[in-house]
Amino acid sequence: MNEKEQSLKRLMEAARRAPAPGDESAPFGFSTRVAARAFEAAQPSPPSFARVSLRVAGIACLFAVVAVGVNYKAITSAFDDESAAAGGDDPVSDVVNLDS
Amino acid sequence: MPDDQSFDLAGCLDRVRKRDQIAARELVEHLHPLVIRIARSHLPRRVAEEDLAQDIFLKMFTRIDQYKGEVPFTHWVSRIAVTTCIDHLRAQKRRPELRWADLSERETDVLDSAITNENDVAPDDALAARELVQKLLERLKPEDRMVVQYLDLDQKSIAEISALTGWNQTLVKVRAFRARRKLQRLYRELTESERT
């Protein structure tokens, strides 16, 4: 072992003799604060209002799909009627096409 | 190490898992000496030891459902503490090399005593010696700093360090070898730097 290594070893030995820092018990209020923060941070599920809102939105979507399914024929026939009406004489072309 | 015999750890853990705040407080008080010792040994600059301890406990509570009892609970908590300290140490920028000019008067005296070996370092100067060693350790990577701290200052065995950190024993030995070599290089640079 060279001189520098010996010298570092002596320094380490001296550092080991330093007294350990004092009190290791938790300071007043520390455990209460940590326990409260731990449970506050680890909220397992969303709050009840959010839960109810999600359920209501799901049910509303279901109703919308059922309503479209039940009224499918009525909806498609309404579109057919509109296209039939659109297929009739065009009053504008009648006015513009003066020769016919 | 907390006294596990007089404390019903298993019962306390069950109650904590059921979100019992009183049990959580008891667990914090029981483990505080262990956690604060690790936090103090590996405390980054400008971080309060209480804040670091709080961070360690919050991580412990977040992961408590993952604890399956494969290792003693205190070892499991130690590993969380060690990784949290390493994360904090990584977040701080490492300081460049240390020079005589960075030392206080007492640290200079301590270093002189160590170099010349004419006088033993006086017991009163042990704190200055500790601070000087900490200044040197701050120049190392967090893992290297940790292994030197445990081996050379706290005088823990390789097996104990392995249990505390979760690193296998070969890794601890390799890290210790490299870390000591880097520390010697830093020490040589310090002692050969110009006195101002």
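Buried residues (20 or more other C-beta atoms within 10 Å of their own, with C-beta atoms placed from the backbone) make up 33% of the 196 residues in chain B. This is a predicted model, where local features need pLDDT of at least 70, side-chain atom pairs count only at pLDDT 80 or more, and totals for chains, interfaces and linings use all residues. Residues are numbered from 1 along each chain as its sequence is written, with chains lettered from A and ligands numbered from 1 in the order in which they are written.

Visitor: How many helices does chain B have?
Guide: Helices are DSSP runs of H or I with at least four residues, and strands are E runs of at least two, numbered from the N terminus. Chain B has zero strands. Its helix count is nine.

Visitor: How are helix 1 of chain A and helix 6 of chain B oriented to each other?
Guide: Their axes, lines fitted to C-alpha atoms over the stretch in contact, lie 7 Å apart. The angle, taken between N-to-C directions from 0 to 180 degrees, is about 120°. Angles under 35 degrees count as roughly parallel, over 145 as roughly antiparallel, 65 to 115 as roughly perpendicular and the rest as oblique. The two helices are therefore oblique.

Terms used: Buried ≥ 20, exposed ≤ 12 C-beta atoms within 10 Å, placed from the backbone.
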